[in-house]
Amino acid sequence: MSETTAHPFSTATGADVRVRFCPSPTGTPHVGLIRTAMFNWAYARHTGGKMIFRIEDTDAARDTEESFDQIVEGLRWLHLDWDEGVEVGGPHAPYRQSERYDIYRDVIAQLIESGHIYESFATGVEIEARNMSLGRDPKMGYDNFERDLTAEQKAAYRAEGRSPALRLRVPDSELSFDDLVRGEITFPAGSFSDFVVVRPNGHPLYPFVNPVDDALMGVTHVLRGEDLLSSTPRQIALYHALIDIGLTTFVPRFGHLPFVLGDKNKKMSKREPESNLFHHRDRGFIPEGLLNYLALLGWSISHDRDVFSIEELIAAFDVVNVNPNPARFDLKKAEAINGDHIRLLAAEDFAARIVPYLAAAHVLSEPLSDADRAVLVEAAPLIQERIALLGEAPAMLGFLFVTADTLVIEADAFSSLPQTAAQILAASSTALRAVPVGEWTTDRVHTLLNDTLLEGLALKPRVAFGPLRVAISGRKVSPPLFESMEILGQVETLDRLDRLAQQLAAVVPSE
């Protein structure tokens with residue numbers, strides 16, 4: 001490795017580890033972006049180090065405050081907290097690049113003074129023409145020919161009205177680093193030429209401001225997507241210059257995380273709904289379930305275990321165990337894991353988490369009335385074992401918050417009724433009316449209907465109880481039937497049986 005005494009890589013461990021998450025606020029948060037944030041967060045929490053949250057908002061044409069707010073909202077929803085950064089503060093403020101231009105100008109002046117960056121006046125057209133004149137591919141790029149322009153040459157360019165870009169003088173040697181995920185990577189000498197760090201208009205570019213911020217903030221480990229791997233040797237070259245001027249004393253360790261693939265094993269596009277963090281939240285993923293699944297996109301806690309808590313993730317996570325191969329986002333697996341985490345919630349917690357979804361679907365209103373709260377407390381455990389997403393709750397529980405006269409019988413449920421439905425409803429209604437007041441319980445109702453329908457009418461359970469389920473819930477699939485009847489009470493249950501019987505009679509007149 002080409003590491004030297006003058007340009008050492010970080011050896012930070014434990015509490016000295018400093019990672020950063022520094023997104024550009026463009027668009028809604030992508031699950032791949034959030035996976036990167038989570039791996040940085042988990043590594044900081046695992047080591048006892050610090051996580052910095054910095055915003056790279058120097059692209060005025062694309063960056064928006066709405067996107068910034070969404071990134072913060074997403075991190076807070078997932079409980080991915082940070083130790084320094086926007087909205088938290090810290091010793092290296094400000095933490096938005098758009099507020100750090102004075103800092104960049106000072107560093108630029110130091111690098112010019114030290115000779116690490118120099119003025120470049122050549123246009124793209126001139127660079128192509130030079131390559132052609134030398135018998136090279138015109139697209140070969142810049143060949144560092146302006147490194148030693150004289151004062152007279154620079155003055156002549158300025159006399160033409162030209163403003164120079166600033167380029168970094170790249171070391172004329174190979175650049176190597178030990179990627180925490182991918183192992184040893186070497187870029188031979190001449191792999192890339194002196195590159196622009198400041199535009200002619202004085203605007204510093206990402207390959208400059210990103211390493212400068214990392215250096216000033218003491219970042220020891222840069223964990224980021226593999227799409228940025230090609231820019232790493234340029235950043236290391238800049239770090240060598242920053243070390244030489246005394247801005248920092250080390251190059252951070254780099255770890256490039258695998259792509260997150262979508263449909264047809266292609267890199268997940270922002271156009272795909274599954275890429276949108278809030279799409280998953282709106283459907284009813286809970287933070288514990290989504291973080292668990294995102295952690296599996298490149299990492300695992302063990303070869304035979306997929307479900308684990310956030311605390312277990314923190315205890316086990318090490319970036320060196322991340323798999324470099326691309327990881328495919330499997331929505332069905334994500335939902336299954338989310339369902340596992342829903343079942344791990346305390347009943348009271350689960351009930352509270354489904355309230356916003358019930359309210360959004362106009363099943364109930366917030367704040368909850370005492371009556372609605374009482375029904376919810378009884379009903380929530382009936383579906384906690386059955387759903388994978390909180391967003392399924394309104395369809396499963398909505399029937400408990402309406403009355404018989406407003407209950408909607410779904411078309412597919414009505415069409416599924418057997419020919420014996422009217423007989424089943426009549427027999428059930430007669431038997432249930434005989435239950436004494438105060439004895440309306442799940443067990444009593446269940447036993448009575450078993451005796452009436454399974455024994456008395458010799459029906460199979462699916463045939464016997466299907467019409468009752470449709471009458472009670474309006475759906476073919478519902479929470480447990482007899483528990484639902486207990487929650488509704490005797491009067492409401494009988495009203496629903498009678499109403500479906502009336503609807504059947506209206507469709508199929510008696511002979």
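# A quick tour of a predicted model

Residues are numbered from 1 along each chain as its sequence is written, and side-chain values use heavy atoms, with hydrogens and water left out.

A few words on terms before we dig in. Helices (H or I, at least four residues) and strands (E, at least two) are DSSP runs, numbered from the N terminus. Two strands pair if DSSP finds at least two bridges between them.

**The sheet and the helix on it**

- Strands of a sheet pair through backbone hydrogen bonds, either parallel or antiparallel.
- Strand 1 and strand 2 (residues 50-53) are joined by 4 bridges and pair in the parallel sense.
- Axes are lines fitted to C-alpha atoms, for helices over the stretch in contact, and angles run from 0 to 180 degrees between N-to-C directions.

**K50, a residue of strand 2**

- K50 lies in strand 2.
- With a relative accessible area of 34%, K50 is partly exposed. Buried means under 20% relative accessible area, exposed over 50%, and partly exposed in between (1.4 Å probe, protein chains only).
- Leaving aside neighbours within four places in sequence, K50 is in contact with V17, R18, V19, A44 and D83.
- K50 and S473 are 423 residues apart along the chain, and their C-alpha atoms are separated by 52 Å.

**Where helix 1 meets helix 9**

- The axes of helix 1 and helix 9 (residues 287-295) come within 10 Å and cross at roughly 85°.
- Helix 1 and helix 9 are therefore roughly perpendicular to each other. Angles under 35 degrees count as roughly parallel, over 145 as roughly antiparallel, 65 to 115 as roughly perpendicular and the rest as oblique.
- On the helix 1 side, V31, I34, R35, M38 and F39 meet L291, L294 and A295 of helix 9.
- Sorted by class, this contact has 7 nonpolar, no polar and 1 charged residues. Ala, Val, Leu, Ile, Met, Phe, Trp, Tyr, Cys and Pro count as nonpolar, Asp, Glu, Lys and Arg as charged, and the others, Gly among them, as polar.

**Aromatic rings**

- The structure holds 12 aromatic pairs. Rings of Phe, Tyr and Trp (its six-membered ring) pair if their centres lie within 6.5 Å; planes under 30 degrees apart count as stacked, over 60 as edge-to-face and the rest as tilted.
- F53 and W82 form an edge-to-face pair, at 4.7 Å centre to centre and with 70° between the planes.
- That pair links distant parts of the chain: F53 is in strand 2, and W82, 29 residues apart from it, is in the loop between helix 2 (65-77) and strand 3.
- F53 is buried, at 0% relative accessible area, and W82 is buried too, at 6%.
- Ring pairs also link F39, W299, F308 and F317 into a cluster.

**Other strands**

- Strand 6 (residues 175-179) is mostly covered, with 4 of its 5 residues buried.
- Strand 6 and strand 7 (residues 183-187) pair in the antiparallel sense over 5 bridges, and they form a hairpin with 3 residues between them.
- In that pairing, D179 has G183 in strand 7 as its bridge partner.
- Strand 9 (residues 221-225) is mostly covered, with 5 of its 5 residues buried.
- Strand 9 runs parallel to strand 10 (residues 253-257), joined by 5 bridges, and R224 stands opposite H256 in strand 10.

- T248 lies in the loop between helix 7 (232-244) and strand 10, and counts as buried at 8% relative accessibility.
- Y206 lies in helix 6 (residues 206-216) and is partly exposed, with a relative accessible area of 30%.

Methods:
Predicted model: local features only at pLDDT ≥ 70, side-chain atom pairs only at ≥ 80, totals over all residues. Contact = heavy atoms within 4.5 Å.
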